[in-house]
Amino acid sequence: MSDGRRVPVVHDALQLIAEGVVDLVGFGVAVINVLREDDGRLETVAVAGNDEAREQLMGSRQSVESILMEIERADEWGMLRFVPAERLSDEEELSSWVPDMEVGDGPDSWDPMDLLLAPLYDDSGRMLGTLSMDVPDDGKRPDEAKRAVLNKYAAQAGRAVLTEVARRRLEEQVRLATAARHIVRDVSSELKVDRIMEVSQSAITQGLGVIGMWIQTFDEDGEGRTATYSNAGTDVELPAELVRIGRSAAELLWRVQEVTIIGRERPTPAIITTEQEKLIFEFLDTLAVSSLLFVPLGAGPECLGNLVLTRSGPDVEWTPVETSTALDIAHDLGRALLNARNFEREQQLVSELRELDTYKSQLIATVAHELKNPLTAILGHVEMLEATADVPVRAQRSVSSIERGAMRMERVIEDMLTLAKVGDPNNPLIAVPVEMGRLVDDALDLVSLTASRKRLMISYDPPTKPVVALGDSGDLDQVCSNLIGNAVKYTPEGRAVTVCLDRRGRDIVLTVADEGLGISPRDQERIFDEFFRSTNPEAVALPGTGLGLTIVRRIVTRHGGRIAVESALGKGTTFRVTLPAATVAV
């Protein structure tokens, strides 16, 4: 070929068959046409015997319908069809090339307008090509012997044409499958809808050979986003009415898993009215678009949007392989869009929850501060009354009750302030190396008197080497105090509490186990919730704010750690805290 591209092997075979008809059977010209899937026309792919004919016919196209009309009046010679010149009407244009030859006087003389061809069909009866010949060397119409030879060449041509059509289909399938694979690869890792649109546009337009495209996505509220892309860089803005038409059409097509083609030479699709089609054509005219392929996007039963591909000029047909590939791409895009939409929803929800959590922390801190001032005044007056000698006995009991209630409220307020502090995103953690063994020792000292009164056996083997975590000393002290204090508080007399502290690789692990009341599976689901108190009557009878474990989890999470609980009613509870270890000692 003149452009230097490699000629497919099948084309070589077709050319050899045409040359065989010329050299061995005795014709001046032999032509082979093959069906093109993109426009349904027959393309000339092999010409032998005459340079002028080759120059005029090579690459030209003819409709299948015109061939079928021509052979309706033909004589059947096996696979061959012969239409003598006298049976052709003046209006019929048989070929773009007519040989310049003299017509003989005999009844079997060849006329330049004679038509001799072999239509080539597949097993379903669909015409895939033709083998035609012209200008016999002897100037006569072929006899039975020559017809028999031509039928053999026609059979060979039929097999070669089937192979050529299959090769073209496979080539197109490979090309489109490659394009689809690139699109899936490019968009599968994207978690933002806008980014998916941006990434997919170039791959789709190049892979499917379109001049432009646009993607419209739907949200539950009926609104959506529209992204457009054109090879020419045209910025396309869809009219509101077309957006509504697109949504309705996409939902209908997604239910039946089909695509539709809209073009001036095609009937109006059933999914739109003629008035809507008119609006579409008016819009397409502004873009110089001749045809569009409308594809619904979705995942599962849900239609998520539509994909529109456009073409312009003479090459506006859409092959079955292209429409099938476009629907496959729409499925992949739909899944990517659904994942991205869910991710964006999650991100929005997380943002809203953070804002709510910040507001809640600020509210708790404000309320706690407002309560703390009058509570300080109450406790101050209680101290003054207790220091007064002439307070009646009954009044002294009331003063003691006021003091106990105020001190309990003070503990609640302190826990609320701590909770607000550790949950405040504007209060960043300043992590330093913290020796955890000292904090555990301090926590055990605080509960030693209570443990002694309850005759509890405290088991703790201090680590032989410093166990250093990375975090805030005050926060981690609160973790140790709360967990060990709870273990002592909820363990009945005469039982045991075990504390273990060690380093495991890059982690510090603090374990506090008791033989106390235990926690039911249902309560374990909410044990870290704010203000949650156990449903166990024995636990509720003991004083508490319901904030201690919430504070512990907030601190542990803030330090990049984990907390786990294992418990059984009547057998006890084990809390295990894992924190990042410091790389340097204190």
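Reader: In which helix is Leu-353 found?

Author: Leu-353 is found in helix 8, which covers residues 320-387. Please keep in mind that this is a predicted model.

Reader: Which residues form a nonpolar patch on the surface with Leu-353?

Author: The patch is made up of Leu-349, Leu-353, Leu-356 and Tyr-359. Together these residues have about 420 Å² of accessible area.

Reader: Is Glu-322 buried or exposed?

Author: Buried applies under 20% relative accessible area. Glu-322 has 6%, so this residue is buried. Glu-322 is also found in helix 8. Its side chain is joined to that of Arg-311 by a polar contact of 2.6 Å.

Reader: Which residues touch the most other members of the largest nonpolar core?

Author: A nonpolar core is a set of buried residues joined through side-chain atoms within 4.5 Å. The largest one here has 44 residues, and Met-436 and Val-440 touch the most other members. Among the elements that give two or more residues to this core are helix 9 (393-422), helix 10 (436-453), strand 16 (496-504) and strand 17 (507-514).

Reader: Which residues does Val-440 touch?

Author: Leaving aside residues up to four places away in sequence, Val-440 touches Tyr-460, Cys-480, Ile-484, Val-499, Leu-501 and Leu-510. Another core, of 41 residues, lies apart from the largest one and includes Ile-17, Ala-74, Leu-88 and Leu-150.

Conventions
Residues are numbered from 1 along each chain as its sequence is written. This is a predicted model: local features need pLDDT of at least 70, side-chain atom pairs count only at pLDDT 80 or more; totals for chains, interfaces and linings use all residues. Side-chain values use heavy atoms; hydrogens and water are left out. Patches are made of residues with over 30% relative accessible area and no salt bridge: like charges are joined within 9 Å, nonpolar side chains (Val, Leu, Ile, Met, Phe, Trp, Tyr) within 5 Å. Accessible areas come from the Shrake-Rupley method with a 1.4 Å probe; for residues, only the protein chains shown count as cover. A salt bridge is a side-chain nitrogen of Lys or Arg within 4 Å of a carboxyl oxygen of Asp or Glu. Helices (H or I, at least four residues) and strands (E, at least two) are DSSP runs, numbered from the N terminus. Buried means under 20% relative accessible area, exposed over 50%, partly exposed in between (1.4 Å probe, protein chains only). A polar contact is a pair of N or O atoms within 3.5 Å; within protein, one must be able to donate a hydrogen and the other to accept it, and residues adjacent in sequence count only if both atoms are side-chain atoms. Contact means heavy atoms within 4.5 Å.
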